[in-house]
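Me: I am new to this structure and would like to go through it slowly, asking at each step what a term rests on. Could you take me through it?

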Amino acid sequence: IKGNQIVKYIPFTDSHQMRVIFQVKTIENIIESPLPLLYYLFNLRCINSLFDILSSKSLITRLDCGEINDFDDYTLFSIDCNLTEEGFRIYDKIYNLIKSYVDYILELIKNKNEVLVKHFLQNLQLNKNNFKSSFGL
């Protein structure tokens with residue numbers, strides 16, 4: 001940029017994005033690894049899911065999750081939200097809610113909560129069966 005030029009930033013959208021990144025221990029055993037369960041829970045769109053709670057209050061319009069980096073002993077996991085104007089005003093409360101939700105889920109996994117594990121395993125088996133039938137394996 002030359003000294004006599006004016007540069008102006010014009011955003012493509014009017015949305016506000018928030019990304020929450022946290023570290024998850026990598027475990028080879030899918031039953032003990034929290035990653036598949038975190039994917040499953042953050043992608044739920046049913047009543048009382050995290051997405052439902054935040055979107056019904058018009059705080060977010062999108063909630064996605066994914067791995068950023070996968071290392072030998074841990075994974076960086078992210079939760080991405082598109083915040084509404086109201087959500088942007090109280091982003092710190094949304095962050096604290098997401099953090100509390102993640103902490104709660106990781107604590108349940110760590111303590112091997114039987115109901116949670118049973119529910120996850122049933123859904124994992126359903127997904128395996130759906131995958132096999134959809135590809136004719």
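**Reading the terms against the values**

Reply: Let us begin with a contact between two charged side chains: those of Arg62 and Asp64 meet in a salt bridge, with 2.2 Å from N to O. Please keep in mind that this is a predicted model.

Me: What makes the contact of Arg62 and Asp64 a salt bridge?

Reply: The term asks for a side-chain nitrogen of Lys or Arg within 4 Å of a carboxyl oxygen of Asp or Glu. Arg62 and Asp64 are 2.2 Å apart, N to O, and the cut-off is 4 Å, so the pair qualifies as a salt bridge.

Me: Why are Arg62 and Asp64 called partly exposed?

Reply: Buried means under 20% relative accessible area and exposed means over 50%, with partly exposed in between. Arg62 has 28% and Asp64 has 30%, so both values fall in the partly exposed range.

Me: How many salt bridges does a search of the whole structure find, and which of them lie in helices?

Reply: The search finds four salt bridges. Among them, Glu86 and Arg89 meet at 3.2 Å, N to O, and both lie in helix H3 (residues 85-89), three residues apart, about one turn of the helix. Another joins Asp103 and Lys99 at 2.9 Å, N to O; these two lie in helix H4 (residues 91-110), four residues apart, which is again about one turn.

Me: What makes Tyr39 and Phe77 an edge-to-face aromatic pair?

Reply: There are two tests, one for distance and one for angle. Ring centres have to lie within 6.5 Å, and planes over 60 degrees apart count as edge-to-face. By this rule the count comes to five aromatic pairs. For Tyr39 and Phe77 the centres are 5.2 Å apart and the planes stand at 80°, so the pair passes both tests and is edge-to-face. Tyr39 lies in helix H1 (residues 34-42) and Phe77 in strand E3 (residues 74-83), so the pair ties together parts that are 38 residues apart in sequence. Tyr39 and Phe77 also belong to one aromatic cluster, together with Phe22, Phe42 and Tyr101.

Me: What surrounds Phe77?

Reply: Leaving aside neighbours within four places in sequence, Phe77 is in contact with several residues, including Val20, Phe22, Leu35, Tyr39, Phe42 and Cys65. Phe77 is also one of the residues that touch the most other members of the largest nonpolar core, a set of 26 residues. The largest share of this core, six residues, comes from H4.

Me: Why is E3 said to be largely enclosed by the rest of the structure?

Reply: Eight of the ten residues of E3 are buried, so this strand is largely enclosed by the rest of the structure. E3 also has strand partners: ten bridges join E1 to E3, which run antiparallel, and E2 and E3 pair in the antiparallel sense over nine bridges.

Me: How do you know that E1 and E3 count as paired strands?

Reply: Pairing needs at least two bridges between the strands; E1 and E3 are joined by ten, so they count as paired. Within this pairing, Met18 has Cys81 in E3 as its bridge partner, and elsewhere Glu67 stands opposite Phe77 in E3.

Me: What joins E2 to E3, and where is Phe71 found?

Reply: A hairpin joins E2 to E3 through three residues, and Phe71 is found in the loop between these strands. Phe71 has 35% relative accessibility and therefore counts as partly exposed. Not counting residues up to four places away in sequence, Phe71 touches Thr26 and Leu76. Phe71 and Thr26 are 45 residues apart in sequence and 7.8 Å apart in space, C-alpha to C-alpha.

Terms used. Residues numbered from 1 in each chain as written. Predicted model: local features only at pLDDT ≥ 70, side-chain atom pairs only at ≥ 80, totals over all residues. Heavy atoms only, no water. Phe/Tyr/Trp six-rings, centres within 6.5 Å; stacked < 30°, edge-to-face > 60°. Buried < 20%, exposed > 50% of the residue type's maximum accessible area, 1.4 Å probe, protein only. Contact = heavy atoms within 4.5 Å. Core = buried A, V, L, I, M, F, W, Y, C linked by side-chain atoms within 4.5 Å.
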